[in-house]
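Notebook open, model loaded. Here is what I looked up, in order.

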Amino acid sequence: MLSDSTAVTIHMCDDDPDDQLLVTDALHEAKLATPIDFTSNGKELLQYLNREAPYEHMKGKPLPGIILLDLNMPVMDGREVLAKIKSNEKLKSIPIIVLTTSKAEEDIARTYDMGVNSFIIKPVSFENLVEMIQSVTDYWFSLVSLPKQ
Amino acid sequence: MVFTLAKEASCPYAAIPLKYKDIFMLNNHFYIAEEYRLPRSIVIVTVALCIIPFILQLLGIDFGNDAQPAPATLTTDDMFYHLSGGFTHALLEWSAFTAAIFVVLLAFSHYSITNDITTPIIGVALFCAGAMDAFHTLAATRLITAVAENKDLIPFTWALSRVFNGLIMLIGVGIFLRSKQVKPEKGLTFIILTSLAFAAVGYLLIYTSATSHNLPQTQFPDSFIRRPYDIVPLILFIIAGLYVYPLFAKRYPSIFATALLLSALPEIAVEAHMAFGSQRLFDSDFNVAHFLKIIAYVIPLAGLVMDYVQTYKVQVNHLHQLQTAHDKLNTRALEINQANSRLAQSNAELEKFAYIASHDLQEPLRKIQAFGDRLHSTIDKSVNEKSLDYVSRMQNSATRMRSLIDDLLKFSRVGNQEYNLKQVSLNDILANVIDDLQLSISEKKAKISFDELPTVCGEEKQLYQVFLNLFSNSLKFSKPETAAEIQVSSQQISVGDKHYWQIKVQDNGIGFEQEYADKIFEVFQRLHGRSQYIGTGIGLAICKKIVEKHNGSISVQSELGIGSCFILLLEK
């Protein structure tokens, strides 16, 4: 059990602003107060996690509790950044949940090989999305113990 | 080019009856088709050679050898001079005989190519005649001795060989004027038998001449007809030239036959010179006659050579035509191959396109559905009922679109996947299908029965899909008040030299009119509205695509209100 669950943030890396909106809505719908912030591609995600420009203002703040990662993104896609994060000493312990439209068996297998913690296919209906967010937060924040950041 | 080989010419003909009017219908009788004519030069030269010596003799030129008695003392040179007649005679005769040898050799090789038996038979006849001439020459040169005296032997053997020549040519050619045709397969036997017969007769004559003590006189220098025995061959050759040869040339047209006809001319000239001209051995007419005899052999030889060349040219031409046709076919095959690979490429691109399109369409559709949900939940029914209704309808359409895209994706995936064809058990596949449809089966209280089903050559997952779709349909389209029954049976059938398993899936559902039997296999084609039965109309299209990828076929027999029977053909 986490002592201070509200301090833990969810970070979502997805190039689609609609999906960002939907997830935000879903959190509200599920009546969760967990803070969430966003980046739009792998490059931005790394900059964010490493507290580099343009994210220097985040220095000092703890890293996100979980990362929701989309696979198909421009500049640097999810697969590439996943590999980079999982090979970074400081970052590799952050649980990553791939959240993508791709049903490809190949993607599923490969990302698990690279050490992703979960692979979820983006739900179709909003209702399902809300359920998913509920389940994820229940599992990762209530049930599971997260490493200290 | 219409060239009929002599073989083709000897197709069954009705017997041409010996009618006098044939002889007098000169135009028709002596007409020879263009491809069988001899070159004009040869004809002219032959005629000239027959006539010119006669004219030259009238002008006083003497072709004869000296007939002076030998002086008392002879040098070797003198002896040779005195024997010049004999030598000339031997040379002329032997040339004729050599020509005859060439004729028969060429005739047999011609036969080996064309299987035309006329040439070897006539060739053998000519050769036998030539052999007789050789015998006569050997007697004349005293290389062989006979019982009778030489002064009688030589002219007698000449007369004999001429009569034999005339007869054997008439017989040899006459054989082919009978109505009965000799079958080509029996050809060789016939040739051998006839040759043996000719040779036997020839030998008999030679033997008789050699062993007879008294030979009749054949030279009568002081009569008008100097050699009366030469009248017989004269008449024989006239008959040959006017009647038998032309008839033969009509029945079995070839350059050789034409040449044979032409050879009658020098033969007649030979006889004329001998019968009416030659008074003694080695005189002018004697030598001219012997020279013309060579011509009489050479012309058929030339005809045969030209026939040979002609045949060869035709073969070469045919070969070229075949080669051209073959090349054209090759080009065509290449074009077809290229067209095929373009088609295959185009198909692959279409399938890829269908896949990508469906896949990419899913994303925005998901958004429509998601925001549709948001919209639905944010509109208050009591305030905005109409808007809510619109949104609901919109959401229904989006759901429908999703099923269509999902199905289209499924359909296009059928083509994309790799097929590992191996022997699969239909029993096992059906067991899996029934397992997976258990819920529906118990709902509809359905009864599924099947006999022992065979193993077929196929891809397991795909065939599973086929039967899943078929069974789902049967369950879906079952009669409302009746328990659904599905029966599966199998049977071996052969189409041509390919063996198939025919699998029948029979149900007792609502059925449909047979006229729609083809339509229902089309993509998204349905016979019922969405409100009646769910579905997008892709199930059977997928079945058909899978079965066709298995090199099989699927069809249906149905009756409205009775049920449907789906018939699949799968390779063994």
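This is a predicted model: local features need pLDDT of at least 70, side-chain atom pairs count only at pLDDT 80 or more; totals for chains, interfaces and linings use all residues.

I started with burial in chain B: of its 572 residues, 35% count as buried (20 or more other C-beta atoms within 10 Å of a residue's own, with C-beta atoms placed from the backbone).

Residues are numbered from 1 along each chain as its sequence is written, while chains are lettered from A and ligands numbered from 1 in the order in which they are written.

Next, the secondary structure of chain B: I get 17 helices and seven strands (DSSP runs numbered from the N terminus, helices being H or I with at least four residues, strands E with at least two).

Then contacts, meaning C-beta atoms, placed from the backbone, within 7 Å. In chain B, among contacts between residues at least 6 apart in sequence, 75% join residues at least 24 apart.

I picked one helix pair. The axes of α4 (residues 40-58) and α11 (residues 255-277) of chain B come within 9 Å and cross at roughly 10° (lines fitted to C-alpha atoms over the stretch in contact, angles running from 0 to 180 degrees between N-to-C directions). So α4(B) and α11(B) are roughly parallel (under 35 degrees). From α4(B), Val43(B), Thr46(B), Val47(B) and Cys50(B) meet Leu262(B), Leu265(B), Pro266(B) and Ala269(B) of α11(B).

Last, the chain pair: ten residues of chain A are in contact with eight of chain B. On chain A's side, α1 (17-29) and α5 (126-143) each supply at least two residues.

Terms used: Two residues are in contact if their C-beta atoms, placed from the backbone, lie within 7 Å. Angles under 35 degrees count as roughly parallel, over 145 as roughly antiparallel, 65 to 115 as roughly perpendicular and the rest as oblique. A residue is buried if 20 or more other C-beta atoms lie within 10 Å of its own, exposed if 12 or fewer, and partly exposed in between; C-beta atoms are placed from the backbone.
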